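Colleague: Please take one part of this model and go through it closely. Then set it against the rest, element by element.

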Amino acid sequence: MGTLHKVILLTSCLAFTPLYALAEECSYSDISFEEEAITPSPKLTALLARLRQIGSFSIPYIQTKRIPVLSKPLISSGIFTLREGKEIEFRQERPFSQKVIVKADELVRESEGKRESWNMKSLPQGAKMTVALLSLFSSDAPRMLELFTIGISDREKRSLVLLTPKDPELKRYLNTLAVTATKRIEKIVVCESNGDSTVIEFSEK
Amino acid sequence: MRQILARLWGGALIVMVLLLLVGWSNGTLAFDADILDLLPQERELVQHRIAEEFRDEQSRRIIVLVGHTSESVAIEEGTLLRSLFISLGLSERRDLQGEMFRLYFPHRYNVLSNEMKDLLKDPSLVSQRIEKLLFSPESSLYSRLLDKDPLLLFPSLLSGMVPKGVIFKEEVPLVVKDQKHYAIISGTLPDKALPQRLEQHLQELKERCSSCEVKWSGFSKFASTISSTMKREVSVISTGSLLGVVIVIFITFLSLTPLLVTVLASGAGTLLAVLVCEWYFGRLHLIALALGSTLFGVAADYSFHYLAHRQGRPEMTPEESLKAIFPGMTNGMITTVLGYGVLCFTPFPFLQQVGLFSALAAFGGYLTVVLLYPSLVSSPRVGSTLISRVGAYYLSLWRRKSYIPTAALILVVLLSLFGVGVRTNDDVRGLQSLPLDLVAEEQEIRRIVSREGDAGRFLLVEGSDEEELLQRLESVENALRGFAIEGVSKYLPSRSQQERNREVIREAVERGRGRLLSVGLLEETIEKLERELTSSSYLTPSEWVESAPLPDLKQLWRGKREGRFYSIALVSDPAWQMASQLALPGVYAWDTTAQISGTLRDFRTHGGVALLLAYSGIAIAFFYRFGVKLGGLVMVPAILASTSALGATVIAGQEVNLMHLVALMLVLSIGVDYAVYFAEGRGDDEETMTAVLLSASTAIIAFAMLLCSSSPILRNVGLICVVGLSVSVILSPIACVRSGEMKNLES
C-alpha cells in the first residue's frame with residue numbers, strides 16, 4: 001500500500017470526521033501530575049532507570065481498541081517483545097496471526113506469508129509515534145522530553161506517566177500516551193485525536 | 001543583359017550569405033533528426049490523425065530519475081527538479097492527494113478496484129478484510145474512514161491506482177530499486193528539444209551531487225544525440241566532399257582559379273538550397289542535408305564543362321565558350337531539375353527535401369557558371385594533366401580491345417549475379433541506428449519505473465458515444481486480463497459498470513449484513529451506506545477529464561473526433577500479440593512501426609516499378625536518338641550499374657529497402673550521362689573521357705563519404721552510388737568504341 005493514500009486518508013478524514021468524546025481511558029482530569037521540566041527530574045530518571053534494567057524481554061499482551069463508530073471494541077492478543085530498546089515486536093496471535101515489527105527507520109508487517117515494509121521517513125506521524133514508543137521502552141529521557149510534555153503521578157507503588165505531544169503535527173494525530181509502570185510497564189493507553197483509544201495491557205508470564 | 005543578371009545574382013549571393021550567418025547566429029536554422037519525420041504521414045482517416053497526435057505527444061514526454069542511496073537526498077533533488085519542471089511549464093503544480101480524494105471519494109461506490117470486485121463476491125471476505133485493516137499498524141487511518149466508507153472501499157481503489165512500488169513524498173513520486181531511492185519527475189516538452197535550462201540543471205546536478213544517479217529518457221535525448229552526431233557527420237561529409245572536389249580539380253587544372261570558381265558554383269548552389277528549403281519546409285532534416293551535401297560534387301559538373309571547354313579551346317573567348325556549351329549545359333540543368341523536381345511530388349517528406357535541395361543546388365550552380373564564369377575565368381592553364389593522361393590511357397585500352405575492359409565487364413557481370421540473392425527488409429527501425437548506450441538507459445529507466453510497453457504500439461478504441469467507448473475499453477481489459485494494460489477504464493468505468501459495481505456492493509451488504517454487524521459496524525452506518533448507494537451521482541467522462549490529476553492518463557482519452565469518441569489503451573509487450581489479434585468491434589491494433597514499415601514496403605514496390613519504367617523510358621529515348629545498337633550499348637553501363645550495386649548490397653550483407661531504390665534512381669540519373677557523353681561525342685573522346693572522369697570522381701568521392709556515416713540510410717545510399725557510379729564510369733567507353741566504329745563506317 002502506497003503512502004499516497006494513507007496520507008490522503010489521514011489529511012482528508014481529519015477534515016470532516018467529527019471529534020468524538022474521549023473514551024473513559026483517556027480521561028486523566030482527576031489525577032494530579034507533576035510536570036517534568038526541560039531536564040528530567042530525579043523521579044523520572046529513577047523510573048526510567050528501573051525500566052532500563054529490564055533490557056530485552058517478551059511478555060503476553062492484550063490490546064483493546066475502541067473506535068467510536070464500532071459498537072464493540074476490537075480485541076487482539078499475542079506476545080510483545082522488546083529487543084535492547086531498539087526494536088519492538090507485536091506478535092499477534094488472535095483473532096488472526098500477524099507480526100508487526102517497529103524499528104527507528106522501518107515498520108514491517110508479516111501476515112499470511114506476506115511481508116510489507118514502510119520507510120518511516122515517508123510516514124511522519126507514524127515515525128514520530130514509533131520514536132516515541134521506542135524512546136519510552138529504551139528509557140531515553142531526553143528524547144522523550146523533546147517530543148512530549150511529561151507528567152508523572154505515583155499511586156500505590158504504581159507510576160502513571162502521561163505523555164502529551166509537543167509537535168503540532170503529532171498533536172493532530174495523538175492526544176495522549178499514558179504508561180502505567182511498576183517495575184515494568186503494565187499498561188499503555190494511546191488516545192488519538194479522532195476519538196480512537198487503544199489499551200495495551202501486559203501480563204506476567 | 002547578362003551583365004545585369006550577373007550583378008543581380010552576385011548581389012543575391014551576398015544577401016544569402018548574410019541570411020545564413022544571421023540564421024546560424026540566432027538559431028533560427030532548425031534541423032530535424034527524427035527518422036519518422038522523413039516518412040509519409042497517413043492523415044486521411046481520423047484514426048491516423050489520432051495515432052499521429054498521440055505519437056507526437058509521447059515523443060515529447062520526458063522522464064528524469066534522480067537516484068540516491070539516501071531517500072532524503074533523492075527527495076531534495078527531486079523537489080528541486082520538480083520546481084524547475086513547473087517553472088518551465090513542463091508539468092503542473094497539482095495537489096495530487098487532495099485532487100484524487102476530491103474526485104474519487106464521492107465515487108467510492110462507482111469505481112471499484114479489481115481486487116475489491118473479487119472480494120465483494122464473498123461477504124465473509126469483506127468483513128475479514130475490514131477487521132484485518134483495523135488491526136493493522138495503520139488502523140487509525142482506516143478507523144477515520146469507517147463512518148463514511150464502512151466497507152473501506154476507497155483505500156483499495158487508491159492502492160490500485162498508484163503504480164506498484166511508487167510512494168509519494170512531498171509530492172515527489174519515489175520508487176526504491178536496487179537499494180536506491182529514485183525520484184521520478186516527468187513532464188511534456190513544448191517541442192522535441194530539451195530546454196537549455198533543464199539541460200544545464202541536470203549538468204549542475206551531476207556536478208553538485210556526484211553520488212546521485214541521474215537518468216533521463218525520452219525522444220529528446222535520442223534526438224539531441226542523433227542530431228549532434230548528424231551535424232558532425234554533415235560537416236565531415238561536406239568537408240570531405242569539398243576536399244575531394246578540390247584535389248580532383250587541382251590535379252586536373254593545376255591552377256587555383258578553377259578551384260575557387262568551382263567552390264563558388266557549388267557553394268552558391270548549396271547556399272540557395274539550404275535557405276529555400278529552410279523557408280519552404282520550416283525545418284530541414286539532417287539526413288536530407290547530408291545527402292544533399294553529396295550533390296555538392298554533382299553541382300560542380302557545370303563548372304567542369306565550362307573549364308574543360310576553356311582548357312580544350314583556349315583560342316575561344318569566355319563568351320564564345322559559354323555560348324558553345326550553353327545548350328548542352330542548359331538541357332542538362334533542365335533534365336536534372338526536372339528529375340529531382342519529380343521527387344518533390346512524392347508523399348515522402350524525405351524525398352521532397354532531397355528533391356528540392358538537389359534541384360536548387362544544381363540550379364544555383366548553373367546560374368553561377370552561366371552568369372559569373374565568363375568574367376571570372378578567362379584563360380585557364382593549358383596542357384596535359386594526370387586525369388587526362390589516365391583517361392586517354394583507359395580509352396586506349398578499350399580501343400585496343402585489351403583484356404582489361406573485358407575483365408572489368410566480366411567482373412561487373414559477376415558482381416551483378418550476386419544481385420539474385422537480394423533480400424528486402426522494410427522495417428523502419430533499420431533506417432536509423434540508435435546509440436546502444438541510450439537504448440540501454442531507456443530500458444533501465446523502464447525497469448526502474450516498471451513501465452512496460454511501447455508508445456508506438458497501442459489499441460485505439462472508438463465508440464459512437466462515451467458510454468459505448470468505455471464499454472469497449474472494458475471489453476478489451478477483460479479480454480487481456482492478467483496482462484499489464486494502461487487504459488482509462490480502471491479510472492473511469494462505464495455507466496453500466498458503475499451500476500454493476502453498486503449492485504455488487506448492495507448484494508454484498510445484503511448477504512453479509514450479519515458479518516458486518518459482528519465486526520462492530522453500527523446498523524445506522526450500514527443503512528447510511530445503502531442510502532448513498534442509490535442517491536450518489538455517477539462519475540462522468542467530462543467530470544473525470546476536468547478533474548483527474550493524472551496527465552499521462554488523460555492523454556489516453558482522445559475525446560470526440562468527427563462525431564465519434566476515441567481512447568487509447570497501452571499494452572505491455574507480452575500481451576501485444578494477443579491484443580493485436582483481438583476481434584472486438586471498434587478496437588484497432590495500432591503498430592506505428594509495422595504501419596510505417598508497411599508503407600515503406602508499398603513505396604518500395606511501387607518505386608521498383610517506377611524505376612523499371614524509368615529504365616524503359618530512357619532506353620526507348622536512346623533507341624530513338626542513337627538507334628537500337630548504340631542505344632543498347634549506352635544502356636549497358638546503366639543497367640549493369642544498378643544490378644552490380646544490388647550485388648554489392650548482398651555482399652555487404654545489406655537488405656534492400658526504399659532508400660536503396662532512391663539511390664538506384666540517383667545512379668541512373670547521374671551515371672547514364674557518362675555513356676551519353678561518349679555517344680554524343682564529336683570525335684573529342686579524350687576530352688570527354690577527362691570530363692567524365694572528373695565528374696565521376698567528384699561524385700564518387702562525395703558518395704563515398706556517406707559510407708562513413710552512422711546513419712544506415714546514408715550508408716545504403718553511399719554503397720549503391722559508389723558502386724553504381726564506378727561501374728557507370730568504368731563501362732562508359734563502351735559507347736565511345738561503338739560510336740567511333742559507327743563514325744568510321746559512316747565516313
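**A hairpin and its surroundings**

Modeller: Strand β8 of chain A (residues 148–155) runs antiparallel to β9(A), and 8 bridges join the two. Strands here are DSSP runs of E with at least two residues, helices are runs of H or I with at least four, and both are numbered from the N terminus. Two strands pair if DSSP finds at least two bridges between them.

This is a predicted model: local features need pLDDT of at least 70, side-chain atom pairs count only at pLDDT 80 or more, and totals for chains, interfaces and linings use all residues. Side-chain values use heavy atoms, with hydrogens and water left out; residues are numbered from 1 along each chain as its sequence is written, while chains are lettered from A and ligands numbered from 1 in the order in which they are written.

Back to the strands. A:I150 faces A:L163 of β9(A). The two strands form a hairpin, with 2 residues between them. In that turn, A:E156 has a positive phi of about 45 degrees. β9(A) also pairs with strand β10 (residues 174–181) of chain A. That pairing is antiparallel too, with 5 bridges. Within it, A:V161 has A:V179 as its bridge partner.

Of the 8 residues in β9(A) (residues 158–165), 6 are buried, so the strand is largely enclosed by the rest of the structure. Buried means under 20% relative accessible area, exposed means over 50%, and partly exposed lies in between (1.4 Å probe, protein chains only).

Elsewhere in chain A, take A:I62. It sits in strand β2 (residues 57–66). Its relative accessibility is 43%, so A:I62 counts as partly exposed. Its contacts (heavy atoms within 4.5 Å) leave out residues up to four places away in sequence, and they include A:I75, A:S76 and A:S77 as well as A:V199, A:I200 and A:E201. A:F202 lies 140 residues away along the chain, yet its C-alpha atom is 6.7 Å from that of A:I62.

Chain A as a whole has 5 helices and 12 strands. Of its 205 residues, 53% are buried. Among its contacts with a separation of 6 or more, 43% join residues 24 or more positions apart.

Chain B has 29 helices and 12 strands. It has 747 residues, of which 56% count as buried. For contacts between residues at least 6 apart in sequence, 81% join residues at least 24 apart.

One sheet of chain B deserves a look. It is open, has 5 strands in the order β3-β4-β5-β2-β6, and is antiparallel in its pairing. β3 (166–169) and β6 (213–217) of chain B are the edge strands, each with a single partner, so one side of each has no neighbour in the sheet. On average, neighbouring strands are turned by 30 degrees against each other, direction ignored.

Inside that sheet, β2 (residues 61–68) and β5 (residues 180–188) of chain B form an antiparallel pair with 8 bridges. B:I62 stands opposite B:G187 of β5(B). Helix α3 (residues 71–87) of chain B lies across β2, β3, β4 (172–177) and β5, at about 10 degrees to β5(B). Helix α9 (residues 196–208) of chain B also packs on the sheet, touching β2 and β6, and its direction makes about 155 degrees with that of β6(B). Axes are lines fitted to C-alpha atoms, for helices over the stretch in contact, and angles run from 0 to 180 degrees between N-to-C directions.

β8(B) pairs antiparallel with β12 (residues 587–591) of chain B over 5 bridges, where B:V461 faces B:V587. It also pairs antiparallel with β11 (residues 564–571) of chain B over 6 bridges, with B:L459 and B:A569 as bridge partners.

Last, a helix pair. The axes of α1 (residues 2–26) and α11 (residues 256–281) of chain B come within 10 Å and cross at roughly 55 degrees. That makes the two helices oblique to each other: under 35 degrees is roughly parallel, over 145 roughly antiparallel, 65 to 115 roughly perpendicular, and the rest oblique. α1(B) contributes B:W9, B:L13, B:M16, B:V17, B:L19 and B:L20 to the contact, and α11(B) contributes B:A268, B:L271, B:L272, B:V274 and B:L275. These residues divide into 11 nonpolar, no polar and no charged. Nonpolar covers Ala, Val, Leu, Ile, Met, Phe, Trp, Tyr, Cys and Pro, charged covers Asp, Glu, Lys and Arg, and the others, Gly among them, are polar.
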